[in-house]
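The following explanation is to be read alongside the sequence and the three-dimensional model. Please keep both in view.

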Amino acid sequence: MRRLLPPLAVMALMAIFGFAVYSILGTLKSNKHLSTKPTQSQALVALPGRIVLVQAGNIYSLTNLTFTQIKAPAYDWVQVETGPPGEILAVADFGMYSNVYLLNYQGQVVRQLLSEGSSQYFSNHWAYYPRVSPGGSTLFYSWDWVDPGSAYNVDFQIQAVPFANPSARAVVWSLPGLYYQGGDVEPIPLANGGIIYAKYAVDSAAGPGDGSTYSQLVYASSPSANLVYLTSPGQNCAEPALSPSGTEIAMVCTTNTLQTTTLQVASWNGTSLGTPVVISSGPEPASPTWSPDGKSVLYLNTLLTDKSSPFQLWWVPKATSARPGVPQQVTTGLNFTATSPPVWTP
Amino acid sequence: MIAQITVPGRPGGDLAPGPSQVGRVQSGGMPAGTGPRRRRAGLKSHQSSFSWGRHRALVAALLVVGFGLSGVSGVVAYFLPAISAAFSITGHPTSGPAAGKHPISTPSAAPVTNSSQPFNVLLLGSDNDTKFQANHVLAQTMILVRVNPQAHTVVMFSIPRDLWVPIAGGGTAKIDSAYSDGGAADAVATVENNFGVAINYWVWIGLGGLVQLVNDLHGVNVVAQMPILDDEYPSDLTGANPYLQARIAILPGPQRLGGVAALEYVRSRHGDVLSDIARSQKQQQLLLDIKASAADASLADVPTIAGSLGSSVKTDMSITQVTSLLPLAKAYSDGQVTQVVMVGSPYFSGTTIGGQDVLLPNWSAIHGLVAQYFPG
C-alpha cells in the first residue's frame, strides 16, 4: 500500500496541474470592459463641488476623489438632473413607463413629480429629460405622444407643468415635425421663458449609404412661437447644455456616415449661435454639463484609444468657445449611463 | 527518490533498489579507504546506479508526459465548448427543406482558395422565436458583404426584406421568405439570381445568438441616431407567448447597450418613418460596433463566445476557412467599410400585393448600384 502512495500522489498532482491550467486560462479572459462600482473606485482628478450621475440603475455622488452611493429607492434610475438647492430630479425606468422624482442627496423621495404608469397598456408613457426653469416655477420634460390613429406612431414632444403642481394639465411646447421621426428631446429652459431643445428629423434627400436621420438645436420663445433653428441638419447636433452665464452652449454633434462624434461649444446671444469650436474630438463624447463657475465642461466619453470601452467621466478645463482646453479623464474602470448629463453643483 | 539522495553520482548496477536496499547501503556504509568491502560495496553501487539512472530517466519521462497530458487535458477541457461550437456552426451544407426542387442549390461561387481574392458573403439574420418552426424562419436581415483583402475594403449592402422578387424555389414573394421556404440554398440562389452577385459563403445568425454575443462582450457602444419609441415591439425572445408586445424607449446619442437593448435597437421599426430601411442601417452599424468590441476579446474569451453562439449561428464555411478569415476582421477599420442601404426611390417603391406591404424593385437602378460595389 505504501508503494502506491507516491504514484498516487503524483497522479493527484497531475490532476491538480490540469485543473490549474484550466483555471488559469479562465483568468486570461478579457476583462477590459468589465466595470466596477463607483464606490470601489476613486476619481483620477479632484473636481470642486459635488457631481451626481448614474451607473447601472444606481445614483452616485462624487466629492473630491470619492464616490458614495445615494441610497434612493431600489428603482432602475436612468437619468439625473439639477433640481432646487439640495435636491435632484431623477428618472426611474419601470419597463413600460418612467416616473420622475425629486430626491434629496440622501436619496429620500421629497415628492414624486410625474407618474406615467397605467394598467391600460397604451396609457403608459415615458417621461425623460426633466428640467426646472431658472425661476423654479416650471418643469419641462420630453413625453411620448401616441397617435390616436396609429399606435405605431410614437414620438417625443416637449411639455411643461407647474413645478409646484406637476399633476396639472401639461402645456405642449413642441410637436414633432413629421411622424415617426423620434421627436423632440433635451429641453433647456431659459431665463427669458423660452426653451432650447433637440429636434430629430429624417432627411428625405438622403441617398444610399447616407445616414438619413439628423437632429437640430431649435429655440422656441413660447409654446406657439415659430421655431428658430440654431444648427443645420448637416451639423447633426443634440444634447445642448447652457453655461451658467447663459452665453455659451455645449453640444454633441455627429457625422452620420462614419459615426464620428464631437463635443462642441458655441457662443449664444439669445437668438443665434456663434461658430462652434470642437473641444473634444471623440471617440464618443456625450451628455455635457458646465461647471458651476462656467469655466469647464464635464461630459462622458469612452477611452480615447478604445471607442468600444464603457463611458467614463471626462473634463475639459477652461473650455470656452474661443479657447478649448485639453480633455482630462476623471474616472477609470466605470460604466456610466451616458444618456443624461451629470449634475454638477457647488 | 531516496536512492538519489543515498548514492549520488555513482555508476549504477542492474538492480532497481527498493527502500530496503537503500537502507542496507546506508547501514553498510564504511569509513573511507576500507578495502574489499568498499570495492564490493562500490561494485554493488555501480550496478545499482546504472539501474537508477535508467529508472530516473523513465520516471522523469513519465512525469513530463503525465504533466503534459494533464496540461493538455486542461486546455482541451477549456476550449471544448469552442471546439464543439466550431463543429456545430461550420460546414453546414447549403440545402434546406426545398433543396433539389430548383436548379441552384449551392452557392455558385467556389470557396476562396487565394487569401487575396475578393469574396462575397450573404449574412442572414432571423427571428428564430417560437412563432416559427425551427427550419422555417424568415430571414429578416439580409446583408451582402464583399471583402477585398488586397484593397483592404469591405462593402455591406443591405437587401430590404420586403423586396418582391422571384424566389429560387418557385413563385414570387418577399425575399425574406426564400430562407423560410428553402433554407440557405434558396436564399443564396434568390439573391444570386436577382442581384447578379456570385456568393462564396453564407452565414446565418438567430436573435438569441446576437443577444448572447453582445452580453459576452460586456455590451457594445452605439450612437443612437434618433429616439427609438415602439409601443408594439415583439416581446418574443423569452416567455411562453411570442405574440406579446412590449413598449421600448431607446434614447438618442452615444450610449452603451446590453444584448437585449442592442437587439431592440436594431429590430424596432414601428416608430421610425424609414422602417425597415432604418433597421438595415442600424443592423450594419451594430455589426461594426460588435466588431469593435470583439477586437478587445482574447483567445481565452473564445469558448464563452463560441459556446453561446453554438446553436444560433450556422455557415457553410469550413473550420479552416473560418480560421483563415478571422484575422481579416481585425485588419479593417471603420473607415474602410462602405455601408450601402437603398433608401426608397429610385431603387424601389412601396405597394400592397395580396394584403402584404411589399417593395417593388427597380432592377435597372439596383443593378447599377450592385455593379458599383460588386464588380465582376
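Predicted model: local features only at pLDDT ≥ 70, side-chain atom pairs only at ≥ 80, totals over all residues.

Residues are numbered from 1 along each chain as its sequence is written, and chains are lettered from A and ligands numbered from 1 in the order in which they are written.

Chain A has 1 helix and 23 strands; helices (H or I, at least four residues) and strands (E, at least two) are DSSP runs, numbered from the N terminus. Along the principal axes, the C-alpha atoms of chain A fill a box of roughly 95 × 50 × 50 Å. Of its 346 residues, 48% are buried. A residue is called buried if 20 or more other C-beta atoms lie within 10 Å of its own, exposed if 12 or fewer do, and partly exposed in between, with C-beta atoms placed from the backbone. Among the contacts in chain A with a separation of 6 or more, 43% are between residues 24 or more positions apart; two residues are in contact if their C-beta atoms, placed from the backbone, lie within 7 Å.

Chain B contains 10 helices and 14 strands. Its 376 residues include 43% that count as buried. For contacts in chain B between residues at least 6 apart in sequence, 71% join residues at least 24 apart.

The two chains meet where 64 residues of chain A are in contact with 53 residues of chain B. Several elements of chain A each supply at least two residues to the side that touches chain B, among them α1 (5-27), β8 (138-147) and β9 (150-162). The most is given by α1(A), with 10 residues. By class, this side of chain A has 34 nonpolar, 22 polar and 8 charged residues. Here Ala, Val, Leu, Ile, Met, Phe, Trp, Tyr, Cys and Pro count as nonpolar, Asp, Glu, Lys and Arg as charged, and the others, Gly among them, as polar.

Within chain B, the axes of helix α5 (residues 207-216) and helix α8 (residues 302-309) come within 9 Å and cross at roughly 165 degrees. The axes are lines fitted to C-alpha atoms, for helices over the stretch in contact, and angles run from 0 to 180 degrees between N-to-C directions. α5(B) and α8(B) are therefore roughly antiparallel, the term for angles over 145 degrees. On the α5(B) side, B:Gly209, B:Gln212, B:Leu213 and B:Asp216 take part, meeting B:Thr304, B:Ile305, B:Ser308 and B:Leu309 of α8(B). The residues of this contact divide into 3 nonpolar, 4 polar and 1 charged.

The largest nonpolar core has 167 residues; such a core is a set of buried Ala, Val, Leu, Ile, Met, Phe, Trp, Tyr and Cys residues joined through C-beta atoms within 7 Å. Those with the most contacts inside it are A:Ala90, B:Leu122, B:Leu124, B:Ala187, B:Val191 and B:Trp202.

A:Glu239 is found in strand β15 of chain A and counts as buried because it has 31 C-beta neighbours inside 10 Å. B:His218 lies in the loop between α5 and β7 (220-224) of chain B and, with 21 C-beta neighbours inside 10 Å, counts as buried.

How values were computed:
Parallel < 35°, antiparallel > 145°, perpendicular 65-115°, else oblique.
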